[in-house]
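Visitor: I would like to learn how to read a structure, one feature at a time. Can you guide me?

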Amino acid sequence: MMDNVIISIFFGIVGAILGSFAVASTWRLRARQLSSDKSSGYRLSKEEKTEFEFIKNLAKDGKSSKYSHCLHCHRQLNAFDMVPIISWVILGGKCRTCKKPIGKAEFFTEVGLCVAFFVSYLVWPLPLNSLIGWVLLIVWLLILLCCAIHIVYDSKWLLLLDNITMMIFILSILFVVLRYVLAGGGLQATLISLALSAAILPGLYGLLYFISKGAWIGFGDVKLLIPLSIMLPNWPYALLFLFLANFIGFVTLLPGMASGKVSSTARIPFGPFLIIAWFITMLWGKYIVQTYIGSAFIL
Ligand SMILES: [Zn+2]
């Protein structure tokens, strides 16, 4: 047990480091997105123009973009400024030189991925006594990294980038195949279950998207649901996932709506709710389904 906790802490540290990488990638992806919008003739809004001026250096693949630097004063960060979580806390979320704030996204993503990696190893539901078992865990962690980029990007700019969803899709196929090799089970039952999971969620949300013409849910969310759903081990998990995503969304937004801060017509990033619900379903789904939904549902 103690060994498990120590290895989990190691995973947590790796998560925090990758969290800082995830946020840096998000800014770079945003700069590239705006730059390609601009060159394809799309007229940037006033806010987008200001934002682009601020981050446009990141869109270039030159040397300056390879090192982390303060977005405000462009000072190159030294090693002490780049220790995930700890640097942010010591500096109070401000640049050492110009004292301008470093985004909260940096801090929350580092903490978030640290916790996600720590917990993943601690409660990992599949065996780790073979190479395939370990590769499967690493694929999972890479998916979490992509999800972290999605969460930050969607929270800031209400968009789930297609190339990140595509990366998750490729990893999800690898994940399903490796799990099948590792855990076995009937091929036919596995395929049927896969088809059901893939039909229930993306199908339902796809329908909502078409009925509401994109007002209730974005097409990016529907696309993201495809890889997330096919990784669910069984179709009852899809129901749990569906319930959790809406529940988490409801609980998060309720205080804002009740106090009038979030209007009922405001555009809300749904991607983060989907990802958090999926994460919980993947790691604790079996326990929750058996305890609360009933073991009769497990095929
Ligand atoms: Zn600065």
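Guide: Start with a loop. This is a predicted model, and His74 sits in the loop between H2 and H3.

Visitor: What is the value of phi at His74?

Guide: Phi of His74 is near 60°. That is a positive value in a residue other than glycine. At 44% relative accessibility, His74 counts as partly exposed.

Visitor: Where does Lys213 lie, and is Lys213 buried or exposed?

Guide: Lys213 is in the loop between H7 and helix H8 (219–230). Its phi is near 55°, again a positive value in a residue other than glycine. Lys213 has a relative accessible area of 75%, so it is exposed. The cut-off for exposed is over 50%.

Visitor: Now the metal. Which residues are the protein donors of the zinc ion?

Guide: They are Cys70, Cys73, Cys95 and Cys98, each through its SG atom. These donors lie 2.2 to 2.3 Å from the zinc ion. In sequence, their spacing reads C-x2-C-x21-C-x2-C.

Visitor: Why does the pair Cys73 and Cys95 tie together separate parts?

Guide: Look at the two loops. Cys73 lies in the one between helix H2 (46–55) and helix H3 (86–90), and Cys95 in the one between H3 and helix H4 (104–123), so the pair joins parts that are 22 residues apart in sequence. Cys73 is partly exposed, at 31% relative accessibility. Cys95 is buried, at 4%.

Visitor: How do I read the geometry of a metal site?

Guide: Look at the angles. The ideal is 109.5 degrees for four tetrahedral donors. Here the angles among the four donor atoms of the zinc ion are 104 to 115°, and the site is tetrahedral.

Visitor: And how do I read aromatic rings?

Guide: Two numbers describe a pair of aromatic rings: the distance of the centres and the angle of the planes. This structure holds 18 aromatic pairs. Take Trp27 and Trp157: the ring centres are 5.5 Å apart and the planes are at 80°, so this pair is edge-to-face. Trp27 belongs to helix H1 (residues 2–39) and Trp157 to helix H5, so the pair ties together parts 130 residues apart in sequence. Both Trp27 and Trp157 are buried.

Visitor: What are the two numbers for the rings of Trp88 and Phe107?

Guide: Their centres are 4.4 Å apart and their planes are at 25°, so Trp88 and Phe107 are stacked. This pair links distant parts of the chain: Trp88 is in helix H3 and Phe107 in helix H4, 19 residues apart. Phe107 is buried, with a relative accessible area of 18%.

Visitor: Which residues do ring pairs link into a cluster?

Guide: Trp124, Trp140, Phe175, Trp278, Phe279 and Trp284.

Visitor: Next, a helix. How many residues does H9 have, and where does H9 bend?

Guide: Helix H9 (residues 235–258) has 24 residues. From first C-alpha to last, H9 reaches 34 Å, close to the 34 Å expected at 1.5 Å a residue. The bend is about 30°, at Thr252. A proline, Pro255, follows within four residues. The buried residues of H9 include Tyr237, Phe241, Ile248 and Leu253. Just after H9, Gly260 takes a positive phi of about 80°.

Visitor: How far should I trust the coordinates?

Guide: Check the pLDDT. Where it is low, the predicted coordinates should not be read in detail. This chain averages a pLDDT of 87, and 95% of the residues score at least 70.

Visitor: Where is confidence lowest, and where is it highest?

Guide: Confidence is lowest in helix H7 (residues 187–212), at a mean of 84. The highest is in helix H5 (residues 131–157), at 96.

Notes
Residues numbered from 1 in each chain as written. Predicted model: local features only at pLDDT ≥ 70, side-chain atom pairs only at ≥ 80, totals over all residues. Heavy atoms only, no water. Expected span 1.5 Å × (residues − 1). Bend = angle between axes of the 7 residues up to and from the residue. Buried < 20%, exposed > 50% of the residue type's maximum accessible area, 1.4 Å probe, protein only. Donors = N, O, S within 2.8 Å, 3.2 Å for Na, K, Ca; no water. Tetrahedral: all angles 85-135°; square planar, octahedral: opposite > 155°, others 65-115°. pLDDT = per-residue confidence, 0-100. Phe/Tyr/Trp six-rings, centres within 6.5 Å; stacked < 30°, edge-to-face > 60°.
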